[in-house]
Amino acid sequence: MRHFLDRFFTYYQNVVFVYCCIIYAIYSLLTLFSYLSILANIRKSKIRENLLLIKSSLTPGISIIAAAFNEELNILSNVRSLLTMNYPSFEVIIVNDGSTDRTLKKLIKEFELTEVEFAYHYFIPCKTVARIFKSKNAAFSNLLVIDKLNGGCKADAINAGLNAASCGYFLNTDVDCILDKDTLVQLIQPFMDDKKRVIATGATLRMANSCVIDSGVLVNAKVPRNLLALFQEIEYIRSFVLGKMGWNLVNSIPNVSGGLGLFDKEIVIKAGGYDAKSFGEDMDMLMRISKYMCDTKQEYAIRYIPQSLCWTEGPETLKIFKRQRLRWARGLYQIFSTYYKLLFNPKYKTLGMIVLPYNFIFEFCAPFIEFLGIICYIYLIASHLVNWPFAIILLVFVYSFSILITLLAIVWDQLIIRRYSLKEVFRLCLFAFLEPILYHPLVVIFSLWGYGNQLLKIKSNWGHMERKGFGNSTKMEPVTIHSTIV
Amino acid sequence: MLLGIAMGDEPAESAAITKKRFDARPLYLLGLSSSAVKKILVNEMFNYRNYFSGSIAERIRRLYIYLSLDKEARRRAHSKNWEVCANALSELFKMDVEIDQAYLMQLITNHNRYIREFARLLLMKFTKEDPLQFLRELNEPLSQWQEFEIFLLFQQKTDYTLGSLEGLLSLTKESSVVSLCLKLAVFFNQKEAIPLLIDLLLTPDLKLRAQTINALGKMEADTGAKHLVNIYPEQPHEIRLKILTALGNIRNTQYLAFLEKEFLNSEDFEIKKIASDAIIKLYPISSGTIETLMENTDKRNQKILHHSMDPLINAE
């Protein structure tokens, strides 16, 4: 037995070594790719004037769809923020997903909503839509509020919004997100300017936790003071700026975040809409639309832009963080149990040969490999089989490499736009040194926990993100527009 | 400061630029010889030209020329570096400054996409007669962005002679150019292009067919309505929706019965909805039809009609 374990763990450490070499090579490539992608974006933004989209009468309409469940704290500031987007033609669809608090009441009062006889059709199945509201005030004529029975997940609510959307593109966002004024203008650009048919675009998300927000508008971006939120900020910068922008260069984006994504509505509906059973509906949607395009033999692209356009309130307590990560892990597990046939399938091109294999081996399997690696390490230490000088060098290298990647991601982020003061950037860099020690183990533990829950089919629901809100929001005096027919 | 220098105390309608016109000393004090300062200044000039029109925009343009910034841009437009060249062409385009046409004709076959696009835009901007001639020989699709830019050019320039679109429509094979022509035909309300649009209804390209139907609707082409109704039965679902929308825009009451038939007989929600919208658009002629439908049809149809009639739902 001892002999077997010795051989197994010795063999395993070689596997881990090869695995790490490959993943570090990929991260190095992604670092380079993301730099090139960001430079290309900066060059393009000098040549392409976004004002053109605002001035042009040809600019396509966009439906902003945001699901709300018990969001009375933030709902008004968020809706105000959405209604003041810098874009010529858009509608805002708020889906009240069976809230039990005063979300709907607040909306009705603030925006002078009245129930209308809306001919609603279930293009995509979802829970029953009870009522639909429009505003009596012409200032909010592009606001539509759908009141429906709770579907248990965001996907069901988004499908309900899609059924009522009248524009050819829709923005999927969360009600706890604060969007930049130019979000729509920035995200629609790749659809207008790419050689291939773009079916989805995304942008960088940031933590809003310590930001100064007034009436739904970001006034001052600040690095979170809460440690957990700060680590998430670092993780987001690395994931979006380095990861997604890197994959963007080779048209292999694995996921468009549910917090901010602009989609071609026709393709989403033809792909069947969002999966209400999925815990990771955002990644599942990307798989669906990519699969649909491959099945119908159409060339497509999914693009990311590096600008930070969305600020979201991240979990600040371990309890809420755990709930979120368990859900994400379950979602990832579901993706591979649903789409395993696409793995290494050349029919699905970059989806089957790059996106899914990378995510399976280096995202899904990573927590297992890491956990087993730790067990292996403990065993080897206990069996006095560790070459200590080499082990320490390797540990220092691994730690340094992960710090380097994170620091480079923070530097790349500063190339795009400098929202944070130098002091705050320094703070981010400092905590990057603690992230692998304090934060990363939590991510691994919750990932494995989530996989276990999914494997054992332990029931859980979406849960609810407890919000602190964005502070006192100034009550806006409603503007009543009287039209005079002469 | 920039506005003050540009406006000075001279009337905007004066002819040639003289040294007396602009007192640009404050700008030179800022360090106009520095390329960074020039860059910021040029960006500010773009912003002012975007936010102001008329004499202020023209004065800013003249100040740009007075400071010899156009000479710099023309020099950079000859750069081998595509980014420098494209930015320079973009700058000249935004500032309404001409550049040697012969050079631009070379650039429209450049390997770089952005250079080709800006060269084309500059050629079109400064060609008053038949500016679309530069699209005839196009053998690559126009990006939607370029379509927007060209369309905006036509929207803003009032002294263009578009010429007949028929010539371009009959010569070009490129569907993106045809798509642009359709939009321009609608914008300029070129009724003489309607027979050509009717011919285009037979195109195998579904997207182009949909755009043609859309254009016929927006131009309220009465002569096209008959053809739309004739081709309706063999069309796929998306095209049928476009036809119904176009019939609503054309507002020819001759087809009210057709719309009513589609509304009542079709099981498809989208067909019903668009037919209902089209019937409502024919109000007040269709008021009798609407009343009859409301009284005699089922709840689902009534709801669709209510939806089409509700000003709160249909407010833009």
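## Helix α6 of chain B

In this predicted model, the residues of α6(B) that are buried are Glu83(B), Cys85(B), Ala86(B), Ala88(B), Leu89(B), Ser90(B), Glu91(B), Leu92(B) and Phe93(B). The helix has 13 residues, and the distance from its first C-alpha to its last is 18 Å, close to the 18 Å expected at 1.5 Å a residue.

The N-terminal end of α6(B) is capped by Asn81(B), which places a side-chain oxygen 2.9 Å from the backbone nitrogen of Glu83(B). After the helix comes Asp96(B), a residue with a positive phi, near 60°.

## The interface between chains A and B

Glu83(B), listed above among the buried residues of α6(B), also takes part in a salt bridge with Arg43(A), in which the closest N and O atoms are 2.9 Å apart. Between chain B and chain A the count is 3 salt bridges, and 9 residue pairs, both members at pLDDT 80 or more, are in polar contact across the interface. On the side of chain B that touches chain A, two or more residues come from each of α3 (35–51), α6 (82–94), α8 (113–125), α9 (144–156), α17 (269–281) and α19 (299–309) of chain B. Of these, α9(B) gives the most, with 9 residues, and by class this side of chain B has 13 nonpolar, 9 polar and 14 charged residues.

In terms of extent, 36 residues of chain B are in contact with 33 residues of chain A, and the area buried between the two chains is about 3200 Å², with carbon and sulfur atoms giving 64% of it. Trp145(B), Phe148(B) and Leu312(B) together supply 25% of the area that chain B buries against chain A, which is more than any other three residues.

## Chain B as a whole

Chain B contains 19 helices and 0 strands, and buried residues make up 51% of its 316 residues. When contacts in chain B between residues at least 6 apart in sequence are considered, 64% of them join residues at least 24 apart.

## A helix in chain A

Turning to chain A, helix α14 (residues 422–432) has Glu424(A), Val425(A), Arg427(A), Leu428(A), Cys429(A), Phe431(A) and Ala432(A) as buried residues. These buried residues of α14(A) pack against α7 (227–249), α13 (388–416) and α15 (435–455) of chain A.

Conventions: Residues numbered from 1 in each chain as written. Chains lettered and ligands numbered in written order. Predicted model: local features only at pLDDT ≥ 70, side-chain atom pairs only at ≥ 80, totals over all residues. Heavy atoms only, no water. Contact = heavy atoms within 4.5 Å. Buried area = accessible area lost by both parts, 1.4 Å probe. Salt bridge = Lys/Arg side-chain N within 4 Å of Asp/Glu carboxyl O. Polar contact = N/O pair within 3.5 Å; in protein donor to acceptor, adjacent residues only side chain to side chain. Helix = DSSP H or I, 4+ residues; strand = E, 2+ residues; numbered from the N terminus. Nonpolar A, V, L, I, M, F, W, Y, C, P; charged D, E, K, R; others polar. Expected span 1.5 Å × (residues − 1). Buried < 20%, exposed > 50% of the residue type's maximum accessible area, 1.4 Å probe, protein only.
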